[in-house]
Amino acid sequence: MNQSSTHSSYAEFIQPVDEYNRALIANVHPLDWVNPQPAALYDLVVIGAGTAGLVVAAGAAGLGLGLKVALIEKNLMGGDCLNVGCVPSKCVIRSSRVVADILDAARFGINPSQNIDIDFAAVMERMRKIRAGISHHDSAERFRNLGVDVFLGSASFIDQNAIAVNNLKLNFKKAVIATGARASDPQIVGLAEAGYLTNETVFSLTEQPKRLAVIGGGAIGCELAQAFQRLGCEVTLLHKNSHLLDREDADAAEIVQQVFLREGVNLILESVIAQVTKTSTGKIIHYQQNGINHQIEVDEILVGAGRSPNVEGLNLEVVDVKYDKQRGVIVNDYLQTTNPRIFAAGDICMNWKFTHAADAAARIVIKNTLFSPFGLGKSKLSDLVMPWVTYTDPEIAHVGLYVKEAKAQGLETDEIKILFSSVDRAIYDGETEGFVKILHQRGSDRILGATIVARHAGEMISEITLAIASKQGLNTLSSVLHSYPTQADAIKKAADTYRKTLLTPRTQTLLKLLSKFS
């Protein structure tokens with residue numbers, strides 16, 4: 001019998017050792033877990049039990065075909081999303097939004113009777129409780145009950161037909177690499193010695209850092225910077241470029257940047273960090289801005305500057321799987337690696353590093369590994385219509401193409417932009433900062449892309465995603481009834497705006513005349 005011996009590699013991420021984290025570990029990496037004796041041959045071996053790996057394993061085992069499926073995980077089942085990503089971050093963001101609502105209450109005629117008492121430890125405890133409460137969905141026990149052989153330990157290929165995990169050998173017909181990605185090391189002089197947080201360790205905090213520096217103005221950095229500022233930290237955000245969220249729509253990013261400034265986040269843009277030093281009173285970040293040297297002292301540093309694929313230790317050379325240390329495993333549009341019997345899915349091989357993207361990719365892998373050999377067709381990654389959301393407040397949601405991407409494809413485009421200052425429900429809600437922007441092909445109602453900036457933009461983008469995926473245009477959206485009053489009515493307003501462009505001058509004149517008599 002073999003037990004996993006990798007507990008030290010993840011223990012630092014799951015602190016403190018309280019009842020909730022003990023319950024979490026009991027589900028996603030039980031300390032008394034005994035790996036099963038391997039089957040003689042597996043139809044499918046999946047390396048990595050994050051979102052992509054879990055969906056592949058559960059899907060393959062649940063087909064009712066009697067397939068032998070193995071799942072290997074060296075750290076925590078559930079991967080980043082459950083343990084150090086979507087789940088904990090959105091719990092903390094939710095608490096921070098409560099603070100923002102209270103601070104903004106006077107604008108709605110509500111005056112809090114006393115000062116806000118932010119119990120940072122309680123906020124983090126709530127997060128740990130919720131995370132533990134849903135962790136059973138990703139548990140080793142659940143997947144064993146689904147018929148999957150779950151192995152806890154480090155995996156590596158040993159030849160074209162076998163994978164080693166601890167001292168066991170798993171023979172496979174096909175394999176899937178779903179080992180995900182981790183926070184990148186920014187390689188700043190003195191940073192490691194001073195100590196820093198990433199998304200993998202920040203959720204282990206139990207005490208509020210009074211002064212917090214966030215390095216990186218992308219989605220992760222911005223989401224956490226705003227949340228911790230609202231929870232009482234003095235946040236300084238350092239970003240190398242001239243604007244936050246510079247991969248997003250510029251108008252959308254500008255709204256979020258102005259909100260950050262209003263809420264007191266100290267933005268240091270166009271900055272180059274030279275080094276970090278540690279003193280008896282804190283950590284000093286030495287940086288240059290406009291050629292001038294500056295420094296700022298903080299208590300903690302949170303790095304949110306990109307992700308690196310987990311390709312180390314897999315011994316991919318043995319199975320002729322090509323990879324890049326920055327891009328990850330190289331795959332084709334069918335998520336097939338350079339070894340036709342080995343596939344990959346999720347953050348290890350995709351530019352879209354989202355939970356829902358990993359889920360969708362896993363479904364492609366299931367079809368392409370198990371069904372396409374029988375002539376049932378293949379699915380392509382490029383066929384996906386992928387929405388994504390940056391969970392600042394307001395949120396930025398996007399789907400489809402940006403203008404520059406459409407131009408690169410030789411498409412002529414027009415944009416329709418509806419400000420929430422013209423949407424009744426947004427006015428009632430006091431949430432007029434934001435817009436719906438729809439990009440469509442010139443001379444056509446074909447929707448190419450959309451960006452929404454709103455407090456719940458992530459809930460609204462699905463309507464446009466559905467329209468694009470089902471090849472429904474602005475004419476269709478214009479004909480869809482939207483309940484009044486809703487902020488989603490902005491989508492219909494955008495579609496109606498397009499319809500008005502179809503009116504001939506003669507029709508417009510006639511309608512104006514008729515309106516005088518109505």
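This text goes through a predicted model of one protein chain, from its overall form to single residues. Residues are numbered from 1 along each chain as its sequence is written. Local features need pLDDT of at least 70 and side-chain atom pairs count only at pLDDT 80 or more, while totals for chains, interfaces and linings use all residues; side-chain values use heavy atoms, with hydrogens and water left out.

The protein chain has 16 helices and 25 strands. Both are DSSP runs numbered from the N terminus, helices being H or I with at least four residues and strands being E with at least two. Along the principal axes, the C-alpha atoms fill a box of roughly 85 × 65 × 45 Å.

Of the 518 residues, 50% are buried. Buried means under 20% relative accessible area, exposed means over 50%, and partly exposed lies in between (1.4 Å probe, protein chains only). Among contacts with a separation of 6 or more, 65% are between residues 24 or more positions apart; a contact means heavy atoms within 4.5 Å.

Next come the nonpolar cores. Such a core is a set of buried Ala, Val, Leu, Ile, Met, Phe, Trp, Tyr and Cys residues joined through side-chain atoms within 4.5 Å. The largest one has 73 residues, and Phe157 and Ile177 touch the most other members. Helix 10 (residues 355-371) gives the most to this core, with eight residues. Beyond its neighbours within four places in sequence, Ile177 is in contact with residues including Ile47, Phe157, Leu314, Val329 and Ile348. A second, separate core has 37 residues, among them Phe203, Ala225, Leu244 and Leu245.

Two strands pair if DSSP finds at least two bridges between them. Strand 14 (residues 283-289) is joined to strand 15 by seven bridges, and the bridge partner of Gln289 in strand 15 is Ile292.

His286 has its place in strand 14. His286 has a relative accessible area of 18%, so it is buried. Apart from neighbours within four places in sequence, the contacts of His286 include Val272, Ala274, Val276, His294 and Gln295.

Elsewhere, strand 10 (residues 211-215) is largely enclosed by the rest of the structure, because four of its five residues are buried. Five bridges join strand 10 to strand 11 (residues 234-238), and the two run parallel. Leu212 stands opposite Val235 in strand 11.

A last stop is Asn83, in helix 3 (residues 79-83). Asn83 counts as buried because its relative accessibility is 2%. Leaving aside neighbours within four places in sequence, Asn83 is in contact with Leu24, Val28, Leu76, Met77, Gly78, Pro88 and Arg131. The C-alpha atoms of Asn83 and Asp246 are separated by 27 Å, with the two residues 163 apart along the chain.
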